[in-house]
Amino acid sequence: MSAALELAGLRTVLDTPEGELRAVDGVDLEIAKGECFALVGESGCGKSMTALSILRLLPDVGRIAGGSVRLGGLDLLALPEAAMRAVRGKRAAMIFQEPGTALNPVLTVGRQVAEVIERHTSLRGPAVRRRTLELLRSVGVPEAERRMGEYAFQLSGGQRQRVMIAAALAVDPEVLIADEPTTALDVTIQAQILDLLAKLQAERGMALLLITHDLGIVARMADRVAVMYAGEIVEVAPREQFFRAPQHPYSQKLFAALPGAAQRDGSLAQIPGQVPPLTTEFGGCRFTERCDFAFERCAREVPQLRTLEPGHRVRCHLRETERAAPRAASRAAPAAAAAAGARRLLDVKDLKVHFPIRRGVFRRTVGYVKAVDGVSLAVAEGRTLALVGESGSGKTTVGKAILQLIRPSAGSVRYQGEELTRLGRAGLQRYRAAMQIVFQDPYASLNPRMRVADILAEGMRSLGVGRDDAERARRIGVLLDQVGLPASATSRYPHEFSGGQRQRIAIARALAVEPKLIVCDEPTSALDVSVQAQILNLLKSLQERLGLAYLFITHNLAVVEYLAHEVAVMNEGRIVEQGPAGEVLRAPRHPYTRTLLAAVPKVD
Ligand code: SF4
């Protein structure tokens, strides 16, 4: 197969106040016509910068410092900007993670696709309209004729991504770059979009550069895989070889950090530390600080990308002499959960949250949105109930209604036998400490103007935990230790921490008031897989040590397999199936649960 896209020694730098940041540092890759090539790695490793460099769409502070990018033999870096504009959209197109921001809010979606056609083809007038309609239909936009006249905000996330794909494919590009195209989507919509991309790619013989952090998606889509770390490629291999026996210690860690049923009885592998700052002049392997196998040579000699076998190249000194064994394929059966005997902490019966729809000058109620419509569930001491479902299914509303942050319209919420729905503000105050919540985005939930010590002390003070400030200060020291943060963290502000560290602060804040139950609302979905592993390990060990109960709201079924004892599946405000996690995930009974499970891309 001939190469559709070739990168040789590509170097991209960003000029920052800290100095020259080498975001892409000598990347070589080659993608054949009709091939799907996946670029994986954690955030900040240079994946997106590589994509933006190919299309010369760098931010103002960015510039290409060396190397070459060839599209079907054409040297893109040598083209004047006007010629490059003709290439973008016509010969190479890109779709992004968040189609909502990539689409123009003031133009109808039909016009946006039509503009691409007009710019790059000779079609005009009714022919443009016909082609637009044809494209929107080919990517599966329902009622395409009507949708053409609508704006991006009137479409769902999945439909917006379809429009983006239609615009990208308007002129039959040779290369399509998809940067995390399904990260913002629900799992069933994700499956539809991935199928669509695979189908279009096969039909058109297009090369697809797929940028993702999700190894399940790679397993489903890619012909070949490259792993990026700290601006360079550390491993490149055909899919089967990569999944059978990844050779670079970083690739291996990415697999080991993935949650799943096999890890239930232990903890997930963690990658200690962080990606080193890319302003560093590296004199050795960039992974040295985080590598379990690092030896003396690693710090003083830069490893080269060497061929292990045809098509499989690795950047690691260890692999010059030995090969790692294949990944163990079998997964241990999860241990039976010790449900019997655990005391009921929370009992929810027929919970309803209906929001009124008001219309007209007098804001008369004309109907109700039934966000939660008759949910019953129970959580026992020291146990984890996972509440799973897609966005809009009502999971978060259930969590908030249990904590009485939203007052339910009907139903009962009992905490240790006490009915919470009848309590007023003062009555609820007694239970505020017992039930805490940890949100998805720790940055938004922590006051940026408060130091960590004050954030942790605030809740304790208002809920009367600790006799005096001295005792509270002692407790803060213990809390920080429990969540794995240094004592020096007390005097720092949230912005001084990484995403994972901020989530640790949020967990410490919840623990500060000695809760029995924590509602965890997607606490790891904004985190990279290695940081997610750290937080999941932390939550698990805290549960074991402190006997905490979790209501774990998530859309990630791998996390459920790893952490949950019981699972309840929500769809359109109702629970459609619930039971022991192993049973529900292994043998789902409800068609919706089956659809949800079938849609998850699996690494195995
Ligand atoms: Fe680890 Fe050394 Fe290999 Fe780098 S070169 S990945 S530090 S063993």
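This briefing describes selected local features of the structure above, grouped by topic. The structure is a predicted model, and every value below is computed from it. A search of the whole structure finds eight aromatic pairs, one of them the stacked pair of Y151 and F153. Strand β20, which spans residues 549-554, has six of its six residues buried, so it is largely enclosed by the rest of the structure.

**Aromatic pairs and a cluster**

- Y151 and F153 form a stacked pair, with 6.4 Å between the ring centres and 15 degrees between the planes; Y151 is partly exposed, with a relative accessible area of 30%, whereas F153 is exposed, with a relative accessible area of 64%.
- Y250 and F287 form an aromatic pair of the edge-to-face kind, in which the centres are 5.4 Å apart and the planes stand at 70 degrees to each other.
- Y250 belongs to helix α11 (residues 249-256) and F287 to the loop between α11 and α12 (296-300), so this pair ties together parts that are 37 residues apart in sequence.
- Both Y250 and F287 are buried, and together with Y229 they form one aromatic cluster.

**Charged side chains over rings**

- R492 lies over the face of F497, where the distance to the ring centre is 4.3 Å.
- K540 is placed over the face of Y562, at 4.1 Å from the centre of that ring.

**Strand β20 and its partners**

- Along β20, the residues A549, L551 and I553 point one way while Y550, F552 and T554 point the other way, and all of them are buried.
- Strand β15 (residues 384-388) runs parallel to β20 and is joined to β20 by five bridges; within this pairing, V388 has T554 as its bridge partner in β20.
- Strand β19 (residues 517-521) also pairs with β20 in the parallel sense, over five bridges, and here I518 stands opposite Y550.
- From β19 the chain passes through helix α19 (residues 529-546) to reach β20, and this β-α-β crossover is right-handed.

- T182 is found in the loop between β7 (175-179) and α8 (187-204), and T182 is buried, because its relative accessible area of 2% falls under the 20% cut-off.
- The side chain of T182 makes a polar contact with the side chain of Q190, at 3.2 Å.

**Surroundings of M164**

- M164 has its place in helix α7 (residues 157-169) and is buried, with a relative accessible area of 8%.
- The C-alpha atoms of M164 and I95 are separated by 6.4 Å, although the two residues are 69 residues apart along the chain.
- Not counting residues up to four places away in sequence, M164 touches M94, I95, F96, P99, A102 and L103.

Terms used:
Residues numbered from 1 in each chain as written. Predicted model: local features only at pLDDT ≥ 70, side-chain atom pairs only at ≥ 80, totals over all residues. Heavy atoms only, no water. Phe/Tyr/Trp six-rings, centres within 6.5 Å; stacked < 30°, edge-to-face > 60°. Buried < 20%, exposed > 50% of the residue type's maximum accessible area, 1.4 Å probe, protein only. Helix = DSSP H or I, 4+ residues; strand = E, 2+ residues; numbered from the N terminus. Lys NZ or Arg CZ within 6 Å of the ring centre and 35° of its normal. Pairing = 2+ DSSP bridges. Right-handed = clockwise from strand over helix to strand, strands pointing away. Polar contact = N/O pair within 3.5 Å; in protein donor to acceptor, adjacent residues only side chain to side chain. Contact = heavy atoms within 4.5 Å.
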